[in-house]
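Biologist: I am new to this one. Could you show me how to read it?

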Amino acid sequence: MKCPGTPDDDTTFDGLLDIKNSASFITVSYNFIHDHAKVGLIGASDTDSAERRVTYAHNRYENVGSRLPFQRFGYTHVYNNYYNNITGSGINPRMGGHVLIENNFFENALNPVFSQSSILGQWDLRNNNARSSADNARFNIRWTACSGSTPCQKATDWTTTATFPIALPYTYTTYAPEVSRCIALNAAGSGKGLREAASVLNMCGGSPTNDVYQTENGAMGGGTVFENKNAGFNGAGYVNSSTNGGFAQIDNVDGRGGGAKTLRIRFALGVSTARAGRLVVNGVGTNITFNSTGTWATWVLQNVTVTLNNGAANTIRFESTGQDLANIDQVEVL
Ligand SMILES: [Ca+2]
Ligand SMILES: [Ca+2]
């Protein structure tokens, strides 16, 4: 929306989508928000101190000035959005507010994530297209220096300042950032006929892959080795465990809010009898049994409930304890 005729586009017409006072537990999704200067507040002033919870998902932002959103206090979750041509500043937590920013795509953006406030806001950045300072030039992301005496920080190197501190009360699916961009371009906004997610996903080549971890990309030892000779695996291969003392370990697993989570293990076991070993999550071990899948090229899924921490610092490890294990292809956090 643009209101022509006002001196700076919006001195008369201020925020496009503001959330304040006792409003909370709000989701803003599948909007095409464009050609507007001050897009959205959460919290009307530095004394509007409710700990609001707001989610922004699958929105498309183009040609926008700032406040994407401008957040005071509370907890905001920003995922699977597409931002293009931010001309002033973007996601802007203040007054100690926390924002979880994941699987978004930013390009042609000035100051896309920053805080300047008497009490700085904090961000947890996961799996966005930009992940280091080297990505700024790649996506035409630019930063201006902080000015004034008010505390200020900018996400110029795309690192997290604080782990998002609360568990999200819902489940959700994240997509690779380029898939998020494609979904937003094809599904967000009016005139898109609320296209079925499946058809858009098909068009965008998207499957929810961000919480799938290939075991072959992790650490291994004790005789457990990388292998790719039995067909049907995902990724580059799988790990073949030794009989005893072997391990395969995946670090930096995202706990998706933490708490009880389903770990979906893809494996093959070509002997006729089951094999047992240890599943160790963040140092805590439990017994795990893999049943026969008939052949080494027959891969099946097994769900196990585990307890994960919030944030992306979980470690999942398989250990052989005398019976060998299945060949393990991947794990997925649901
Ligand atoms: Ca083996
Ligand atoms: Ca694999």
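Biologist: Let's begin with helix α2 (residues 177-187): why is it largely enclosed by the rest of the structure?

Modeller: A residue is buried if 20 or more other C-beta atoms, placed from the backbone, lie within 10 Å of its own, exposed if 12 or fewer, and partly exposed in between. In α2, 8 of the 11 residues are buried, so the helix is largely enclosed by the rest of the structure. Among them are P177, C182 and A187. Just after α2, G189 takes a positive phi of about 100°.

Biologist: What kind of model is this, and how is it numbered?

Modeller: This is a predicted model, where local features need pLDDT of at least 70, side-chain atom pairs count only at pLDDT 80 or more, and totals for chains, interfaces and linings use all residues. Residues are numbered from 1 along each chain as its sequence is written, and chains are lettered from A and ligands numbered from 1 in the order in which they are written.

Biologist: How many helices and strands does the protein have?

Modeller: Helices (H or I, at least four residues) and strands (E, at least two) are DSSP runs, numbered from the N terminus. The protein has 3 helices and 26 strands.

Biologist: Which strands pair with β4?

Modeller: Two strands pair if DSSP finds at least two bridges between them. Strand β1 (residues 26-29) runs parallel to β4 (residues 53-57), joined by 4 bridges; there, S29 has A57 as its partner. β4 also pairs with β7 (residues 75-79) in the parallel sense, over 5 bridges, and R53 is partnered by Y75.
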